[in-house]
2 protein chains.
Amino acid sequence: MNAPTPSTHLAPAILQREVPDALLTTLKSRFAERCSTALVVREQHGRDESAFTTVPPPAAVVYALSTQEVAEVVTLASQYRVPVIPFGVGSSLEGHLLAVQGGISIDVSRMNQVLAINAEDLTVTVQPGVTRKQLNGAVKSTGLFFPIDPGADATLGGMSATRASGTNAVRYGTMRENVLALEVVTASGEVIRTGTRAKKSSAGYDLTRLMVGSEGTLGVITEVTVKLYPLPEAISAAVCSFPSIEAAVRTTIQIIQMGIPIARVELIDANTVRMVNAHSKLTLREEPQLLMEFHGSPASVKEQAETVQEIAAELGGNAFEWATTPEARTRLWTARHNAYFAAIQSKPGCRAISTDTCVPISRLADCLLDSVAEADASGLAYFLVGHVGDGNFHFGYLLDPNIPSERATAEQLNHALVTRALRLEGTCSGEHGVGLHKMDFLLSEAGSGAVAMMRTIKQALDPHNIMNPGKIFTL
Amino acid sequence: MNAPTPSTHLAPAILQREVPDALLTTLKSRFAERCSTALVVREQHGRDESAFTTVPPPAAVVYALSTQEVAEVVTLASQYRVPVIPFGVGSSLEGHLLAVQGGISIDVSRMNQVLAINAEDLTVTVQPGVTRKQLNGAVKSTGLFFPIDPGADATLGGMSATRASGTNAVRYGTMRENVLALEVVTASGEVIRTGTRAKKSSAGYDLTRLMVGSEGTLGVITEVTVKLYPLPEAISAAVCSFPSIEAAVRTTIQIIQMGIPIARVELIDANTVRMVNAHSKLTLREEPQLLMEFHGSPASVKEQAETVQEIAAELGGNAFEWATTPEARTRLWTARHNAYFAAIQSKPGCRAISTDTCVPISRLADCLLDSVAEADASGLAYFLVGHVGDGNFHFGYLLDPNIPSERATAEQLNHALVTRALRLEGTCSGEHGVGLHKMDFLLSEAGSGAVAMMRTIKQALDPHNIMNPGKIFTL
């Protein structure tokens, strides 16, 4: 492992490839009003939720309605050697959607049909533009649910492409564990299927897992089959405040080490509680908090909650405050998910740079506490939330885009944090992906040999480098 | 999906590449007595547990002691364009170890050190020659265990390479879900690491999952980091007999659809019960049986068992017979694992051809019952066992190698079974892999586009086609 160099948060050498008029003419004639070159549409598709966008937008946006249409666009793009960038709802965080080499944005948000609910098999197949909330609405009557919840109401295609996870992953796993099968348009415009609806398989290379997390660089995902789970018979949510972040983290570590199947265990620090209270009109104690949820039979939920309360009490935690009704639970988790917006509101005009390290659970206290100390010492405003049951947490450094030194400070803090996480055998990205912003960190984490292997795969499957080029690694 | 053509169970066009004397001389001088060209050693390394071996053995066997030594052998093999075939304990089932293009067998069974037990993180890192029983012995004092149990005391390297699973997968997942990180020697002899000890990551392509299940065709696995689990506070095992296979299967389907976290649920048919009773001196009722195990807190285990007993009773199942002591449990599962040997003993001189389909759980009854009817009608002796909670089951067709028509019948039955499984959205291989024997079936299942993508990846990462060539697909 080499020490990482600071990530630049900019595409280093932007090579805008030309998008020939002939291609644009063909696309417009084929897709009519579903091919837009309006600046406002292109700009909306040329950014994501990450802090800085200094790249020209894509030359056009095509709203595809079918796999066949995606294949047509990719085939044309391949003929003209023009990049294509798949777009869902634009909620990614690492610059994945920026047209750093120009090209065409393929918006799949209108491919939003739930294709097959197989309740008996606990699977569902959807088009890539279906969002997780839409999916859960569609399967509600079956008594099943889709647990992966990254906060944003992201699309299943986007969640697959970034290997997303979120608050429920501690119990239900990430997109890595929950995608069973995909349909993908490859760089040549061919449509392939990976995986089946069987729960397990040893039939050849795991192309499904290769596509999950490939960030649009190996193909456009046009269909996703994921696992569903029976809605728990009982759900309890609780909040517990602690005298220190350390006490909250040590409670989490013990919960995980004991194998308690907790469904969510989220940390927010005192400062973030203040922001959340102000934004969501809550009255949580302004101390470090664990937000927890337990799923199971009534007896099992009771048993889990009792054990966790004992652990928390031993480490100085206060009594649980229960969110007993579904409404109270929704309010609690909505507030948690809105921490980002609460933080942004707390410093008008600010932008947030979000970190995303994940470490083995035994290293979590070390990683988190040292990073909190550094952030506090820097004087920069920040929020702190974490899927701590997985060893994954996010600082959001709040900076004034007009003050370059704040950005430099944020970059330094993130650099120190990633370096620490890698030293502690962790990863630079728990769930946001690499995109533009973590390419150097990926190299430090995986080593040049493994990144070279990724590049080799990319070059073999996308010889003209048209699939979301310039992401994950330089080519 | 095209209708599969029968698999030949033979390497179709065996191209034995020459292994130059200069390479053998170099290997012998480097590895002395750890490089063997003795026929008996080569023959032992030129076969696996599959039924037919008609391929000449590898030219030499090198017993490697370290990653560095593996890298040296691969580097030399690369220079001479000679195949290398990794070897653990030889328990694979689809011809993975056969030297169909000649070459060198790299035996990693002496690389059997447990490198790091990280009990606090529920992870362990081992060399590839560590077997699953050895691993469980090594971690026993920590109160943790490694659940993946394919029956054979396979190595962790081999289990990773074939994406193995087995009886516990219904609750704990397969090697796909349980391998966190790998060290791999690539086709050029370079050593890379994939993954970290963090529980989740979105950092780049999922090379770990690409290597898991790649059957030695992309690299030699030289280190494996897997998840461990807390030993359940309570474990109960029970046997329940049913009036029909259908009743047993429908019970299983309901268990899974209700989301009961059963740890094992194994089907054996009446005929196999007879064989197992004779071989393991048991007195199980000679009816279709479900062998089950429940893990959890005492209350949770009790609750699971009660629910399952209710379901079974409704479908005509008899009262549970409990295996209450650890010894009784071990006896039960050993008997289950020995079903293969029990069956072989029941027909002296026979060989078994094992099927390995896996279907979505709602299709399990259809797939299984039609295939039982076909097997019964054929008159061929067989055994039937199944990890039915995952929709995965194995027929073992017992045939006299001297009677060609029996083999033809077995091939026809397997062909009909796979065709049925694929039509029911399943897979041709739940856990054994593709190897030599399922290449045609893989093509039917995945389609030519997906297999072409696998080939492209293989050619890019192994341009001289030296890593266990001739497996998974033809090149």
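Reply: Domain bounds come from an automatic or database domain assignment. For chain A, that assignment gives domain 1 (114–230) and domain 2 (232–326). The model is predicted: local features need pLDDT of at least 70, side-chain atom pairs count only at pLDDT 80 or more, and totals for chains, interfaces and linings use all residues. Residues are numbered from 1 along each chain as its sequence is written, while chains are lettered from A and ligands numbered from 1 in the order in which they are written.

Me: How many residues of domain 1 of chain A are in contact with domain 2 of chain A?

Reply: Two residues are in contact if their C-beta atoms, placed from the backbone, lie within 7 Å. Four residues of domain 1 of chain A meet seven residues of domain 2 of chain A in this way. The centres of these two domains, taken over C-alpha atoms, are 29 Å apart.

Me: Is A:Ile253 buried or exposed?

Reply: A residue is buried if 20 or more other C-beta atoms lie within 10 Å of its own, exposed if 12 or fewer, and partly exposed in between, with C-beta atoms placed from the backbone. A:Ile253 is buried because 22 other C-beta atoms lie within 10 Å. Leaving out residues up to four places away in sequence, A:Ile253 touches A:Ile361, A:Ser362, A:Leu364 and A:Ala365.

Me: How many residues does each chain bring to the contact between chain A and chain B?

Reply: Chain B contributes 73 residues and chain A 73 residues. Helix H16 of chain B gives the most to the side of chain B that touches chain A, with twelve residues; helices (H or I, at least four residues) are DSSP runs, numbered from the N terminus.

Notes:
Helix = DSSP H or I, 4+ residues; strand = E, 2+ residues; numbered from the N terminus.
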